[in-house]
Amino acid sequence: RAVVETETNCNSAVVPIPDNSPSGVTSEIYVGDAAEISSVTVSVGISHTWREDLAVNLTSPMGTTVALHDRTGGSGRDLVETYEELAEFKGEPTRGVWLLTVSDTARLDSGTLDNWCISMSAVAYGAVALMVDDFDAHAGEAGVQLSWNLSTGGGLRGLQILRRLGQ
């Protein structure tokens with residue numbers, strides 16, 4: 001079976017959120033491990049005097065953007081939330097720069113992005129062989145016949161068979 005590992009990366013640099021600025025502020029987290037995403041969870045800590053002013057988006061290294069928060073919460077203060085099981089990223093690679101963009105979309109109130117963390121459960125590349133059950137090979141007059149069963153839920157979308165010449 002494939003090994004699914006969970007890795008958490010955080011950025012705790014406090015960044016002011018520009019007031020009434022649709023472009024907002026962007027914070028980065030670089031993920032160095034290369035694997036295929038099974039699930040993503042994001043936690044944010046934002047200090048702000050009017051929560052409904054805020055729009056928060058997460059963008060993957062592949063360019064997929066998901067709205068985490070979109071101007072809800074009324075006059076409540078601060079946004080300290082965890083967003084779980086973000087299915088839009090399933091199957092994408094983990095490696096690269098992940099971007100959290102926070103925008104203050106109205107006048108008068110202000111705040112800071114205090115911290116954010118991204119946790120990813122992922123199947124390591126190279127672990128694909130572990131997703132193949134009951135592998136069998138038979139040599140015959142017509143060549144080599146291969147058979148196998150694939151584990152369910154592993155996210156395997158294809159299989160490549162290579163033949164080494166001269167062996």
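1. What percentage of the 167 residues in the chain is buried? Buried residues make up 35% of them, where buried means under 20% relative accessible area, exposed over 50%, and partly exposed in between (1.4 Å probe, protein chains only).

2. This is a predicted model, in which local features need pLDDT of at least 70 and side-chain atom pairs count only at pLDDT 80 or more, while totals for chains, interfaces and linings use all residues. Residues are numbered from 1 along each chain as its sequence is written, and side-chain values use heavy atoms, with hydrogens and water left out.

3. The chain contains 11 strands and 0 helices. These are DSSP runs numbered from the N terminus (helices: H or I, at least four residues; strands: E, at least two).

4. The largest nonpolar core has 25 residues, and Leu58 and Trp116 have the most contacts inside it. Such a core is a set of buried Ala, Val, Leu, Ile, Met, Phe, Trp, Tyr and Cys residues joined through side-chain atoms within 4.5 Å. Strands that each supply at least two residues of this core include β3 (21-31), β5 (54-59) and β9 (111-124). Strand β4 gives the most, with 5 residues.

5. The whole structure has 1 disulfide, defined as a pair of cysteine sulfur atoms within 2.5 Å. Cysteine 10 and cysteine 117 form this link, with their sulfur atoms 2.0 Å apart. Cysteine 10 lies in strand β1 (residues 4-11) and cysteine 117 in strand β9, so the pair links distant parts of the chain, 107 residues apart. The link is right-handed, with 110° about the S-S bond. Cysteine 10 counts as partly exposed because its relative accessibility is 46%.
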